[in-house]
Amino acid sequence: MQRRSCKPSPAEITGVIALSLALLLSVLSPILALFPLSLFLLACLVAPFFPRFGFFLPVISRGSPAGNQVALTFDDGPSPLSTPILLDLLARHNLPATFFVVGRQAAKYPDLITAIMAQGHTIGNHSWRHDPMLMLRTPKTLQEDIHTTQEILTKQGIRPRVFRPPAGITNPRLKRVLARENLLTITYSCRAMDGGNRNVRNLAAKILRRLRSGDIIMLHDLPPQRQAWSDYWQKELDRLFSALKDGYQVVALEEIIRQPVMMSGSDNPLNLGDFMDAGGADIEVFKDAVADPVDPAMNGQFLA
Ligand SMILES: [Zn+2]
């Protein structure tokens, strides 16, 4: 397998420059040497929350504005309470989408992964249990979390090539982990600030007001927190999908980022026949991890 290149990140380059400046300035005054180091530290503290600037690692957050194209992505599923609804709506509008799935949800609902794939959509890695503090965990935990999700999806015939960090937060260690897993970081450039479908009010209008050509739209594959909002949520999505078709060319994520989104388990471009032959996931080894149901209770826990 060809791993992604590990060129120095802006953070690594900036760190070397800051250290060199500090050494030079320390000749004049130890106090002066603190300035470049402090600025570097400040940049490191702020950068995790602005992944699109790619300070720690390369990040794709949008596509080219040429061509009036946009792409749809849905995070945090699959869920039996929302995925079938989404698939039905997408089929009705004949729109492609990418589902950034949570590993333990995928292990728990392999049939929903099959249904997503059978409809021609693609799947990305959105971590094992969507821990919003994942980037503060040890490197070993970070590695295991992402790798375990890759493993469970590979058992289902899918090898994602894209990773979306939980809550959109990155850290310096993520670059090495993703290089090992041959994953690329994909975020988004347009969202409804729906808080994991805790707030679906005016969902369509919020997206359409912010939408620009080349945008990667991020929505959630989670049921609205209040059951009473389910019909409203579906109508908002129906309205959004109609408007997207009228005003934009809705393309698959891999088309707008010009990179493969996933491969088959044998490292070849995914063949749906192979996928269907792969059967359900072997979830036995994960039974402890999935013993604690996360759906629908997981709804509302996440920021993104
Ligand atoms: Zn998420």
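**View 1. The crossing of helices α3 and α9 is right-handed.** A crossing counts as right-handed if the near helix is turned clockwise from the far one by less than a right angle, and as left-handed if anticlockwise. This is a predicted model, in which local features need pLDDT of at least 70 and side-chain atom pairs count only at pLDDT 80 or more, while totals for chains, interfaces and linings use all residues. Residues are numbered from 1 along each chain as its sequence is written. Helix α3 spans residues 83–93 and helix α9 residues 230–247; they pack at an angle of about 30°, their axes 10 Å apart. The two helices are therefore roughly parallel (an angle under 35 degrees). Helices are DSSP runs of H or I with at least four residues, strands runs of E with at least two, numbered from the N terminus.

**View 2. Residues of α3 meet residues of α9.** From α3 come Ile 85, Leu 89 and His 93; from α9 come Gln 234, Leu 237, Asp 238, Phe 241, Ser 242 and Lys 245. Contact requires C-beta atoms, placed from the backbone, within 7 Å. By class, four of the residues in this contact are nonpolar, three polar and two charged.

**View 3. Helix α5 (residues 110–118) has buried residues on one side.** Pro 110, Leu 112, Ile 113, Ile 116 and Met 117 are buried (20 or more other C-beta atoms within 10 Å of a residue's own). They lie on the same side of α5 because they cover an arc of only 160° around the axis. After α5 comes Gly 120, with a positive phi near 90°.

Notes
Axes fitted to C-alpha atoms, helices over the stretch in contact; angles between N-to-C directions. Parallel < 35°, antiparallel > 145°, perpendicular 65-115°, else oblique. Contact = placed C-beta atoms within 7 Å. Nonpolar A, V, L, I, M, F, W, Y, C, P; charged D, E, K, R; others polar. Buried ≥ 20, exposed ≤ 12 C-beta atoms within 10 Å, placed from the backbone. Arc of directions from axis to C-beta.
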